[in-house]
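Please keep the sequence and model open while reading.

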Amino acid sequence: MDKEYLTSGRFAKMARVSVRTVRFYDKQNILKPSYVNETTGARYYQAKDLVKLQQILLYKYLGFSLDEIKELMVKAEDKNFMVDSMKLQQTLISDKIDQMMLVKKAVDETLAAYEKGQNIDWDKMLRIIDLTSMENSLNKQYQNASNVSARIKLHKLYSVNKTGWFPWMFGEMHLLPGMKILELGCGNGALWAENKALIPKGRGTEIILSDISGGMLQDARRNLESLKKTVTFREFGCEDIPYPDNCFDVVIANHMLFYCEDPADAASQIRRVLKPNGVLYASTYGSRHMKEITELVKEFDDRIDLAARELYHIFGLDNGADILGTSFENVEKHIYDDALLVDKAEPLLEYIMSCHGNQNQYIIDRYKEFRAFVEKKVSGRGFRITKEAGYFKAF
(Lines give C-alpha, C1' and ligand atoms only; values in the text may rest on other atoms or scores of the structure.)
Protein backbone atom coordinates (compact mmCIF):
# COMPACT_ATOMS: atom_id res chain seq x y z
CA MET A 1 0.00 0.00 0.00
CA ASP A 2 1.34 3.41 -0.94
CA LYS A 3 2.36 5.30 2.21
CA GLU A 4 0.18 8.29 1.24
CA TYR A 5 -2.94 6.26 2.05
CA LEU A 6 -4.41 6.29 5.58
CA THR A 7 -6.55 3.65 7.25
CA SER A 8 -9.99 4.72 8.46
CA GLY A 9 -8.72 4.70 12.04
CA ARG A 10 -5.67 6.84 11.31
CA PHE A 11 -7.74 9.18 9.15
CA ALA A 12 -10.37 9.59 11.91
CA LYS A 13 -7.65 10.29 14.49
CA MET A 14 -6.07 13.00 12.32
CA ALA A 15 -9.49 14.62 11.85
CA ARG A 16 -10.25 14.29 15.59
CA VAL A 17 -13.50 12.43 14.97
CA SER A 18 -14.62 8.86 15.58
CA VAL A 19 -14.26 6.07 13.03
CA ARG A 20 -18.03 5.79 13.26
CA THR A 21 -18.35 9.37 11.95
CA VAL A 22 -16.06 8.61 9.00
CA ARG A 23 -18.09 5.48 8.18
CA PHE A 24 -21.34 7.43 8.46
CA TYR A 25 -20.27 10.02 5.86
CA ASP A 26 -19.07 7.18 3.62
CA LYS A 27 -22.45 5.44 3.90
CA GLN A 28 -24.27 8.72 3.12
CA ASN A 29 -22.15 9.17 -0.06
CA ILE A 30 -20.86 12.48 1.26
CA LEU A 31 -17.21 11.47 1.69
CA LYS A 32 -16.11 8.28 -0.06
CA PRO A 33 -12.66 6.75 0.55
CA SER A 34 -9.95 7.27 -2.04
CA TYR A 35 -9.27 3.54 -2.24
CA VAL A 36 -11.11 0.36 -1.22
CA ASN A 37 -9.33 -3.00 -1.01
CA GLU A 38 -11.62 -5.32 -2.98
CA THR A 39 -10.38 -8.38 -1.11
CA THR A 40 -10.64 -7.18 2.49
CA GLY A 41 -13.07 -4.29 2.10
CA ALA A 42 -10.65 -2.05 3.98
CA ARG A 43 -11.11 1.64 3.20
CA TYR A 44 -8.26 4.13 2.81
CA TYR A 45 -8.11 7.90 2.68
CA GLN A 46 -5.65 10.56 1.55
CA ALA A 47 -4.68 14.00 2.86
CA LYS A 48 -7.05 15.66 0.36
CA ASP A 49 -9.92 13.78 1.99
CA LEU A 50 -9.03 15.40 5.30
CA VAL A 51 -9.71 18.83 3.77
CA LYS A 52 -13.09 17.58 2.54
CA LEU A 53 -13.95 16.20 5.97
CA GLN A 54 -13.10 19.53 7.57
CA GLN A 55 -15.48 21.23 5.14
CA ILE A 56 -18.22 18.74 6.01
CA LEU A 57 -17.77 19.31 9.74
CA LEU A 58 -17.96 23.08 9.24
CA TYR A 59 -21.14 22.76 7.18
CA LYS A 60 -22.60 20.58 9.93
CA TYR A 61 -21.69 23.19 12.54
CA LEU A 62 -23.40 25.86 10.44
CA GLY A 63 -26.62 23.85 10.49
CA PHE A 64 -26.81 22.41 6.96
CA SER A 65 -28.75 19.18 6.48
CA LEU A 66 -27.10 16.02 5.14
CA ASP A 67 -28.67 16.55 1.70
CA GLU A 68 -27.44 20.14 1.62
CA ILE A 69 -23.95 19.08 2.67
CA LYS A 70 -23.88 16.45 -0.05
CA GLU A 71 -24.84 19.06 -2.65
CA LEU A 72 -22.24 21.52 -1.39
CA MET A 73 -19.49 18.88 -1.43
CA VAL A 74 -20.23 18.02 -5.05
CA LYS A 75 -20.15 21.70 -5.97
CA ALA A 76 -16.86 22.16 -4.10
CA GLU A 77 -15.08 20.26 -6.88
CA ASP A 78 -15.41 23.43 -8.97
CA LYS A 79 -13.46 26.53 -7.98
CA ASN A 80 -16.40 28.90 -8.53
CA PHE A 81 -18.68 26.80 -6.38
CA MET A 82 -16.01 26.61 -3.67
CA VAL A 83 -15.57 30.39 -3.60
CA ASP A 84 -19.33 30.95 -3.43
CA SER A 85 -19.61 28.32 -0.71
CA MET A 86 -16.92 30.00 1.38
CA LYS A 87 -18.63 33.38 0.95
CA LEU A 88 -21.86 31.76 2.09
CA GLN A 89 -20.08 30.40 5.17
CA GLN A 90 -18.57 33.83 5.85
CA THR A 91 -22.00 35.45 5.70
CA LEU A 92 -23.57 32.83 7.93
CA ILE A 93 -20.85 33.13 10.55
CA SER A 94 -21.11 36.94 10.61
CA ASP A 95 -24.86 36.76 11.08
CA LYS A 96 -24.58 34.09 13.76
CA ILE A 97 -22.18 36.34 15.67
CA ASP A 98 -24.61 39.27 15.39
CA GLN A 99 -27.47 37.02 16.45
CA MET A 100 -25.67 35.61 19.48
CA MET A 101 -24.66 39.13 20.58
CA LEU A 102 -28.36 40.00 20.67
CA VAL A 103 -29.08 36.83 22.65
CA LYS A 104 -26.26 37.66 25.11
CA LYS A 105 -27.61 41.18 25.59
CA ALA A 106 -31.09 39.85 26.36
CA VAL A 107 -29.71 37.28 28.82
CA ASP A 108 -27.49 39.89 30.53
CA GLU A 109 -30.42 42.28 30.99
CA THR A 110 -32.68 39.52 32.32
CA LEU A 111 -30.02 38.30 34.75
CA ALA A 112 -29.36 41.86 35.99
CA ALA A 113 -33.07 42.37 36.64
CA TYR A 114 -33.27 39.07 38.54
CA GLU A 115 -30.24 39.88 40.75
CA LYS A 116 -31.73 43.28 41.63
CA GLY A 117 -34.99 41.64 42.63
CA GLN A 118 -36.86 43.32 39.80
CA ASN A 119 -39.69 41.74 37.84
CA ILE A 120 -38.47 39.56 34.98
CA ASP A 121 -39.35 40.83 31.51
CA TRP A 122 -40.71 37.58 30.11
CA ASP A 123 -41.26 39.22 26.73
CA LYS A 124 -37.50 39.66 26.55
CA MET A 125 -37.02 35.99 27.40
CA LEU A 126 -39.37 35.05 24.58
CA ARG A 127 -37.26 37.17 22.25
CA ILE A 128 -34.27 35.04 23.28
CA ILE A 129 -36.17 31.95 22.19
CA ASP A 130 -37.15 33.63 18.90
CA LEU A 131 -33.54 34.64 18.20
CA THR A 132 -32.25 31.15 18.95
CA SER A 133 -34.92 29.51 16.80
CA MET A 134 -34.13 31.92 13.96
CA GLU A 135 -30.71 30.26 13.64
CA ASN A 136 -32.29 27.20 12.04
CA SER A 137 -33.58 29.22 9.09
CA LEU A 138 -30.42 31.23 8.37
CA ASN A 139 -28.76 28.67 6.14
CA LYS A 140 -31.90 28.23 4.01
CA GLN A 141 -32.32 31.99 3.63
CA TYR A 142 -28.75 32.43 2.49
CA GLN A 143 -28.88 29.46 0.18
CA ASN A 144 -31.82 31.21 -1.50
CA ALA A 145 -29.82 34.43 -1.73
CA SER A 146 -26.86 32.50 -3.14
CA ASN A 147 -29.14 30.88 -5.75
CA VAL A 148 -30.42 34.28 -6.87
CA SER A 149 -26.84 35.51 -7.19
CA ALA A 150 -25.95 32.51 -9.36
CA ARG A 151 -28.78 33.30 -11.76
CA ILE A 152 -27.94 37.01 -11.91
CA LYS A 153 -24.26 36.18 -12.55
CA LEU A 154 -25.01 34.14 -15.69
CA HIS A 155 -26.95 37.01 -17.23
CA LYS A 156 -24.37 39.58 -16.20
CA LEU A 157 -21.45 37.63 -17.71
CA TYR A 158 -22.98 36.48 -20.99
CA SER A 159 -25.78 38.81 -22.08
CA VAL A 160 -25.46 39.89 -25.72
CA ASN A 161 -27.18 43.19 -24.88
CA LYS A 162 -24.36 45.13 -23.21
CA THR A 163 -26.86 47.36 -21.44
CA GLY A 164 -27.56 44.88 -18.65
CA TRP A 165 -31.03 44.09 -17.36
CA PHE A 166 -30.83 46.23 -14.22
CA PRO A 167 -29.42 49.36 -15.92
CA TRP A 168 -32.00 48.98 -18.70
CA MET A 169 -34.88 48.50 -16.28
CA PHE A 170 -33.75 51.39 -14.11
CA GLY A 171 -33.51 53.71 -17.11
CA GLU A 172 -37.01 52.75 -18.27
CA MET A 173 -38.59 53.91 -14.99
CA HIS A 174 -37.43 57.55 -15.09
CA LEU A 175 -37.33 57.91 -11.30
CA LEU A 176 -37.18 61.51 -10.06
CA PRO A 177 -36.21 63.31 -6.84
CA GLY A 178 -39.11 63.75 -4.42
CA MET A 179 -40.75 60.46 -5.37
CA LYS A 180 -41.88 57.88 -2.83
CA ILE A 181 -40.84 54.50 -4.25
CA LEU A 182 -41.54 50.92 -3.11
CA GLU A 183 -39.84 47.82 -4.48
CA LEU A 184 -41.55 44.52 -3.71
CA GLY A 185 -39.29 41.45 -3.64
CA CYS A 186 -36.05 43.43 -3.80
CA GLY A 187 -33.84 40.31 -3.42
CA ASN A 188 -30.24 41.30 -2.82
CA GLY A 189 -30.85 44.89 -3.98
CA ALA A 190 -29.15 44.40 -7.35
CA LEU A 191 -31.44 46.89 -9.13
CA TRP A 192 -30.15 49.68 -6.88
CA ALA A 193 -26.59 48.42 -6.39
CA GLU A 194 -25.97 48.54 -10.15
CA ASN A 195 -27.44 52.03 -10.49
CA LYS A 196 -26.14 53.82 -7.40
CA ALA A 197 -25.07 56.95 -9.28
CA LEU A 198 -28.57 57.35 -10.79
CA ILE A 199 -30.65 56.90 -7.64
CA PRO A 200 -32.76 60.02 -7.07
CA LYS A 201 -31.95 62.01 -3.96
CA GLY A 202 -33.17 65.24 -2.46
CA ARG A 203 -35.96 66.50 -0.28
CA GLY A 204 -39.02 64.26 -0.16
CA THR A 205 -37.33 61.28 -1.83
CA GLU A 206 -38.19 58.03 -0.04
CA ILE A 207 -37.14 54.55 -1.21
CA ILE A 208 -38.43 51.43 0.55
CA LEU A 209 -37.11 47.99 -0.36
CA SER A 210 -39.11 45.00 0.82
CA ASP A 211 -38.77 41.25 0.63
CA ILE A 212 -40.42 38.30 2.33
CA SER A 213 -36.98 36.78 3.01
CA GLY A 214 -34.93 38.16 5.90
CA GLY A 215 -31.81 36.63 4.33
CA MET A 216 -32.38 38.52 1.09
CA LEU A 217 -32.89 41.79 2.96
CA GLN A 218 -29.69 41.22 4.92
CA ASP A 219 -27.80 40.83 1.64
CA ALA A 220 -29.48 43.95 0.26
CA ARG A 221 -28.41 45.94 3.32
CA ARG A 222 -24.81 44.84 2.79
CA ASN A 223 -24.87 45.66 -0.91
CA LEU A 224 -26.39 49.09 -0.26
CA GLU A 225 -24.50 50.05 2.89
CA SER A 226 -23.53 53.41 1.36
CA LEU A 227 -27.22 54.23 0.77
CA LYS A 228 -28.50 53.53 4.28
CA LYS A 229 -29.57 57.17 4.70
CA THR A 230 -31.61 57.01 1.49
CA VAL A 231 -33.08 53.50 1.57
CA THR A 232 -35.33 51.78 4.15
CA PHE A 233 -35.70 47.98 4.37
CA ARG A 234 -38.86 46.15 5.45
CA GLU A 235 -39.81 42.49 5.57
CA PHE A 236 -43.25 41.67 4.14
CA GLY A 237 -44.92 39.94 1.21
CA CYS A 238 -46.88 41.27 -1.77
CA GLU A 239 -50.37 40.16 -0.73
CA ASP A 240 -50.59 42.43 2.33
CA ILE A 241 -48.65 45.68 1.85
CA PRO A 242 -48.55 47.47 5.24
CA TYR A 243 -49.02 51.01 3.91
CA PRO A 244 -52.07 53.27 3.60
CA ASP A 245 -53.90 54.05 0.38
CA ASN A 246 -52.48 56.48 -2.18
CA CYS A 247 -48.98 56.91 -0.77
CA PHE A 248 -46.47 55.77 -3.46
CA ASP A 249 -45.52 57.38 -6.75
CA VAL A 250 -43.88 54.19 -8.06
CA VAL A 251 -44.09 50.50 -7.14
CA ILE A 252 -41.55 48.08 -8.64
CA ALA A 253 -42.13 44.31 -8.87
CA ASN A 254 -39.07 42.96 -10.62
CA HIS A 255 -39.62 39.28 -11.54
CA MET A 256 -41.67 38.62 -8.41
CA LEU A 257 -45.44 38.74 -9.07
CA PHE A 258 -45.35 35.12 -10.24
CA TYR A 259 -44.32 34.16 -6.68
CA CYS A 260 -47.54 35.61 -5.24
CA GLU A 261 -50.37 33.21 -4.45
CA ASP A 262 -52.74 35.36 -6.50
CA PRO A 263 -51.07 37.98 -8.74
CA ALA A 264 -54.43 39.66 -9.35
CA ASP A 265 -54.86 40.22 -5.60
CA ALA A 266 -51.30 41.54 -5.43
CA ALA A 267 -52.08 43.92 -8.30
CA SER A 268 -55.11 45.16 -6.38
CA GLN A 269 -52.93 45.79 -3.30
CA ILE A 270 -50.41 47.66 -5.43
CA ARG A 271 -53.13 49.80 -7.04
CA ARG A 272 -54.40 50.64 -3.54
CA VAL A 273 -51.06 51.97 -2.25
CA LEU A 274 -50.25 53.88 -5.46
CA LYS A 275 -51.24 57.51 -5.80
CA PRO A 276 -53.93 58.18 -8.46
CA ASN A 277 -51.20 59.07 -10.98
CA GLY A 278 -48.77 56.43 -9.66
CA VAL A 279 -47.12 53.77 -11.84
CA LEU A 280 -46.35 50.07 -11.41
CA TYR A 281 -43.35 48.53 -13.20
CA ALA A 282 -43.74 44.74 -13.14
CA SER A 283 -41.19 42.63 -14.99
CA THR A 284 -41.49 38.98 -15.96
CA TYR A 285 -40.57 36.57 -18.75
CA GLY A 286 -42.17 34.47 -21.48
CA SER A 287 -42.47 30.78 -22.37
CA ARG A 288 -39.31 30.75 -24.54
CA HIS A 289 -37.07 32.26 -21.87
CA MET A 290 -33.92 30.12 -21.27
CA LYS A 291 -35.53 27.22 -23.16
CA GLU A 292 -32.14 25.86 -24.30
CA ILE A 293 -31.13 25.18 -20.67
CA THR A 294 -34.27 23.10 -20.18
CA GLU A 295 -33.50 21.20 -23.39
CA LEU A 296 -29.89 20.65 -22.27
CA VAL A 297 -30.76 19.04 -18.93
CA LYS A 298 -33.53 16.99 -20.54
CA GLU A 299 -31.02 15.65 -23.03
CA PHE A 300 -28.79 14.56 -20.14
CA ASP A 301 -31.68 13.02 -18.16
CA ASP A 302 -35.29 13.48 -19.25
CA ARG A 303 -36.51 13.14 -15.66
CA ILE A 304 -35.03 16.52 -14.72
CA ASP A 305 -37.40 19.45 -14.27
CA LEU A 306 -35.66 22.72 -13.41
CA ALA A 307 -38.85 24.28 -12.08
CA ALA A 308 -41.58 22.72 -10.00
CA ARG A 309 -43.98 24.97 -11.92
CA GLU A 310 -43.62 27.23 -14.93
CA LEU A 311 -43.83 30.70 -13.40
CA TYR A 312 -44.74 32.41 -16.68
CA HIS A 313 -48.10 30.58 -16.50
CA ILE A 314 -48.79 32.40 -13.23
CA PHE A 315 -47.67 35.86 -14.37
CA GLY A 316 -45.84 36.08 -17.69
CA LEU A 317 -45.50 38.18 -20.80
CA ASP A 318 -48.49 36.44 -22.40
CA ASN A 319 -51.02 36.81 -19.56
CA GLY A 320 -49.62 39.66 -17.44
CA ALA A 321 -51.54 42.44 -19.18
CA ASP A 322 -54.87 40.68 -18.49
CA ILE A 323 -53.98 40.12 -14.83
CA LEU A 324 -52.93 43.74 -14.28
CA GLY A 325 -55.91 44.95 -16.29
CA THR A 326 -58.22 43.89 -13.45
CA SER A 327 -56.82 46.77 -11.35
CA PHE A 328 -55.25 49.21 -13.82
CA GLU A 329 -56.84 51.13 -16.70
CA ASN A 330 -53.68 51.25 -18.80
CA VAL A 331 -51.11 48.47 -19.24
CA GLU A 332 -48.15 48.69 -21.65
CA LYS A 333 -45.74 45.84 -22.48
CA HIS A 334 -42.05 46.56 -23.11
CA ILE A 335 -39.59 43.86 -24.29
CA TYR A 336 -35.88 43.62 -23.44
CA ASP A 337 -33.97 42.53 -26.55
CA ASP A 338 -31.27 40.08 -25.44
CA ALA A 339 -29.78 36.57 -25.52
CA LEU A 340 -26.94 34.73 -23.76
CA LEU A 341 -23.81 33.33 -25.42
CA VAL A 342 -22.05 31.14 -22.85
CA ASP A 343 -18.50 29.91 -23.48
CA LYS A 344 -17.63 28.52 -20.02
CA ALA A 345 -19.26 25.66 -18.16
CA GLU A 346 -18.96 26.86 -14.55
CA PRO A 347 -21.53 29.72 -14.54
CA LEU A 348 -23.98 27.57 -16.50
CA LEU A 349 -23.52 24.69 -14.05
CA GLU A 350 -23.99 27.09 -11.17
CA TYR A 351 -27.19 28.40 -12.73
CA ILE A 352 -28.61 24.91 -13.28
CA MET A 353 -27.79 23.77 -9.74
CA SER A 354 -29.45 26.91 -8.34
CA CYS A 355 -32.85 26.17 -9.91
CA HIS A 356 -35.89 25.22 -7.84
CA GLY A 357 -36.51 21.87 -9.52
CA ASN A 358 -35.47 18.25 -8.98
CA GLN A 359 -32.07 18.51 -10.72
CA ASN A 360 -30.06 17.61 -7.61
CA GLN A 361 -31.87 14.27 -7.40
CA TYR A 362 -30.48 13.22 -10.79
CA ILE A 363 -27.25 15.22 -11.11
CA ILE A 364 -25.47 15.05 -7.74
CA ASP A 365 -24.41 11.40 -8.04
CA ARG A 366 -23.40 11.90 -11.70
CA TYR A 367 -21.93 15.37 -11.35
CA LYS A 368 -18.58 14.70 -13.06
CA GLU A 369 -20.40 13.15 -16.00
CA PHE A 370 -22.83 16.10 -16.14
CA ARG A 371 -19.99 18.61 -15.97
CA ALA A 372 -18.26 16.94 -18.93
CA PHE A 373 -21.57 16.97 -20.82
CA VAL A 374 -22.02 20.73 -20.24
CA GLU A 375 -18.38 21.48 -21.11
CA LYS A 376 -18.87 19.78 -24.46
CA LYS A 377 -22.00 21.86 -25.12
CA VAL A 378 -20.28 25.20 -24.50
CA SER A 379 -17.07 24.39 -26.36
CA GLY A 380 -16.38 25.82 -29.80
CA ARG A 381 -18.75 28.63 -30.72
CA GLY A 382 -20.39 28.70 -27.31
CA PHE A 383 -23.89 27.87 -26.15
CA ARG A 384 -26.62 30.34 -27.22
CA ILE A 385 -29.60 30.79 -24.91
CA THR A 386 -32.83 32.59 -25.78
CA LYS A 387 -34.02 35.35 -23.47
CA GLU A 388 -37.63 36.49 -23.51
CA ALA A 389 -38.08 39.08 -20.77
CA GLY A 390 -39.64 42.48 -20.32
CA TYR A 391 -41.93 44.50 -18.12
CA PHE A 392 -45.42 45.92 -17.89
CA LYS A 393 -46.02 49.58 -17.12
CA ALA A 394 -49.41 49.83 -15.44
CA PHE A 395 -51.14 53.06 -14.43
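## Basis

This is a predicted model, where local features need pLDDT of at least 70, side-chain atom pairs count only at pLDDT 80 or more, and totals for chains, interfaces and linings use all residues. Residues are numbered from 1 along each chain as its sequence is written, and side-chain values use heavy atoms, with hydrogens and water left out.

Helices (H or I, at least four residues) and strands (E, at least two) are DSSP runs, numbered from the N terminus. Two strands pair if DSSP finds at least two bridges between them.

## The seven-stranded sheet

Seven strands form an open sheet with mixed pairing, in the order S6-S5-S4-S7-S8-S12-S9. Its edge strands are S6 (231-235) and S9 (331-336), and each pairs on one side only. Direction ignored, neighbouring strands are turned by 20 degrees against each other on average. Axes are lines fitted to C-alpha atoms, for helices over the stretch in contact, and angles run from 0 to 180 degrees between N-to-C directions.

S4 (residues 180-184) and S7 (residues 248-254) pair in the parallel sense over four bridges. Leu182 has Val251 of S7 as its bridge partner. Helix H10 (residues 263-273) packs on the sheet and touches S4, S7 and S8 (274-285). The directions of H10 and S8 make about 145 degrees. Contact here means heavy atoms within 4.5 Å.

S2 and S3 (residues 43-45) pair in the antiparallel sense over two bridges. Val36 stands opposite Arg43 in S3.

## Asp26

Asp26 is found in helix H2 (residues 19-27). It counts as buried because its relative accessibility is 7% (buried is under 20% relative accessible area, exposed over 50%, partly exposed in between, with a 1.4 Å probe and protein chains only). Leaving aside neighbours within four places in sequence, Asp26 is in contact with Leu31, Lys32, Pro33, Arg43 and Tyr45.

## Helices H11 and H14

The axes of H11 (residues 291-300) and H14 (residues 345-354) come within 12 Å and cross at roughly 85 degrees. The two helices are therefore roughly perpendicular (65 to 115 degrees; under 35 is roughly parallel, over 145 roughly antiparallel, the rest oblique). Ile293, Leu296 and Val297 of H11 meet Leu348, Tyr351 and Ile352 of H14.
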